Amino acid sequence: MGKGKSKVVCGYPLSIFFIVVNEFCERFSYYGMRAVLVLYFKYFLRWDDDLATSIYHTFVALCYLTPILGAIVADSWLGKFKTIIYLSIVYAVGQVAMAVSAIHDITDSDRDGTPDSMTFHIVLSMVGLFLIALGTGGIKPCVAAFGGDQFGEHQDRQRRTFFSVFYLCINGGSLLSTIITPVLRAQECGIYSKQKCYSLAFGVPAALMVVALVVFIIGSGMYYKAEPQGNIMLDVCKCIGFAIKNRYRHRSKQYPKRQHWMDWAEEKYDKLLIAQIKMVLKVLFLYIPLPMFWTLFDQKGSRWTLQATTMDGNFGALVIQPDQMQTVNPILILTLVPIMDSLIYPLIKKCGLNFTPLKRMTVGMLLAAIAFVCAALVQIQIDVSTKQLLHSSPYILSGQGFIYFKLTIKGKANSDSTTVHNTDKATFTLRSGSQSCEYSTNFGFGSSYTFFIHSTLVFGSNCQDSVTAVEDIKPNSVHMALQIPQYFFITAGEVMFSVTGLEFSYSQAPSNMKAVLQAGWLFTVAIGNFIVLIVAELAKIPKQWAEYVLFASLLVAVCVIFSIMAYFYTYIDPTEIEAQFKKKINEDDEDDKSKPGKAEVEMVKRDSIKCHDEYDKATQTKM
Ligand SMILES: C[C@H](N)C(=O)N[C@@H](CCCCN)C(=O)O
């Protein structure tokens, strides 16, 4: 039985349907906006590549810092339900601000197609991004934990399936949006002049966020809404602070040691709270090496997309744009999660292997490192092909008798002006007054040509003979399909690391600190993104393949540390521990009534030992 007033369908509370649909729409909104963000910075706000990349990663990092705020608000004040509603409104306003900021006509008073007051667009989009980061980050720990809350204590299996379906919805939303928004962006729209339609590419995600909010509200009568349990974060900080202070005050050898340094808070704080903090600290300690995984993972949207711009995206009937390669990730997730859940994990279990969550996460890290080795190999291929092309640089035409123009062929993602959007034959019309003639030639991705038009050109005659195309840069010769192995490994790593980690965080958290641990988990993503900024700024490695190898090596080193830490981790059942503590407290109350006075002191000591024993008993399973 679920916990809310919701009907139960096939063993699942109906309320979770609204939660997963909400997540689908919200992730559509988030990833759809994010897919075109770098290009918006570059082509609309006219920032250079470095600034665009830095602001992009800062935004992503901010999105994963704000979950702490959301968790505090939810756990100590509003509860998860209200926090999700209020912050979703903030989020939707942010998305609308982004869409408005991308309407060039607003400040295009001279109607030449470019905004006249860039400050207006920059300020509005930064405000929009800030609100989005606040909204998406704020609700992130609440939605997953709120979903988990809908299940009863004996619904572990259903809860696990819920987290898998939840992850599928994240990726379903991400998949659709990363296909759709680049297409919307490539449309032309405007009142005075037609420009790339970033406003539509941001507008549709804004609409989806409103849908997410409405769906969540519709389910409101069915949810189990746990009451906020006070400012738990503050209590935790005070309790830890007191334990440290008290330990320091009693540092002399005359005071007997205690089992755990948190036990120095016993003079002032509830034993249950201390036990809960111990559980949280154990998991948080384990989180320390995790940011490195995200450092690699989140470079799909930056480094790998930039790598794709130097590759050939011609898949025959389909021409893939560099930013669209990111869709490989959600496609693989949607395929791999069911395969892992229904085939691989049960098979491993049948073989008698205990593939615990922490072992899965370790393997996930290794797979991500392999992905970066693949990326390095692809990069070497690209570098070799570029070198060869430079050496085979074509002849140069010079002298009188020519007029010339230059044309660069790039993927759609890079192109806003003089660009041909396909890799096939393109036709130009040369005009002089009412006379014209046509010239056609073949192009390839990434190539650059200078066209020399002979001054002897006679309109009406064959234009083809009067134009000479000189290839300055040959087309990209390394195919984008070569990125698929790196996407495969990073995604397989994600399934093992991220899907497992999400559930691990929930299962190991005490009942009143679930959102706190979710926020801690997401905080590792923020740190991971800051590491990208730091390494990119500080290391300044001239060879891209070497940077990929550096990241892969760092992750392997971190992975070794994590596996050692994981080996010493003991799994707990927070519900069982909490129940034992509560039972004991009740028994104490009963006993206290009958045995007043001196006996109390003895009893507290005994109870303390007994509680520790119970805690130890409940934490037996190792990695
Ligand atoms: C779309 C991606 N495969 C995914 O599942 N993302 C998750 C986890 C993201 C963690 C760091 N970027 C999501 O919740 O969006």
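## Helix packing and a ligand site

Helix 3 and helix 4 cross with a left-handed sense. Left-handed means that the near helix is turned anticlockwise from the far one by less than a right angle, and right-handed means clockwise. The contact of helix 3 with helix 4 is made by 24 nonpolar, 13 polar and two charged residues. Here Ala, Val, Leu, Ile, Met, Phe, Trp, Tyr, Cys and Pro count as nonpolar, Asp, Glu, Lys and Arg as charged, and the others, Gly among them, as polar.

This is a predicted model, in which local features need pLDDT of at least 70 and side-chain atom pairs pLDDT 80 or more, while totals for chains, interfaces and linings use all residues. Residues are numbered from 1 along each chain as its sequence is written, and side-chain values use heavy atoms, without hydrogens and water.

Helix 3 spans residues 67–101 and helix 4 spans residues 118–149. Helices (H or I, at least four residues) are DSSP runs, numbered from the N terminus. The axes of helix 3 and helix 4 are 5 Å apart, at an angle of about 145°. Axes are lines fitted to C-alpha atoms over the stretch in contact, and angles run from 0 to 180 degrees between N-to-C directions.

Helix 1 and helix 5 also pack, at about 35° with axes 7 Å apart. Their crossing is right-handed. Their contact holds 17 nonpolar, seven polar and three charged residues.

Now the ligand. It is surrounded by 14 residues, and Arg27, Tyr31, Asn171, Asn329 and Glu494 are the closest. A residue counts as near if one of its heavy atoms lies within 4 Å. By class, this shell has seven nonpolar, three polar and four charged residues. Helix 5 gives the most to the shell, with four residues.

The protein covers 96% of the 410 Å² of accessible area that the ligand has on its own (Shrake-Rupley method, 1.4 Å probe).

Side chains of opposite charge can pair when their charged atoms come close. The whole structure has 10 salt bridges (a side-chain nitrogen of Lys or Arg within 4 Å of a carboxyl oxygen of Asp or Glu). One of them joins Arg159 and Asp156, at 3.3 Å from N to O. Both residues lie in helix 5, three residues apart, about one turn of the helix.

How values were computed: Helices (H or I, at least four residues) and strands (E, at least two) are DSSP runs, numbered from the N terminus.
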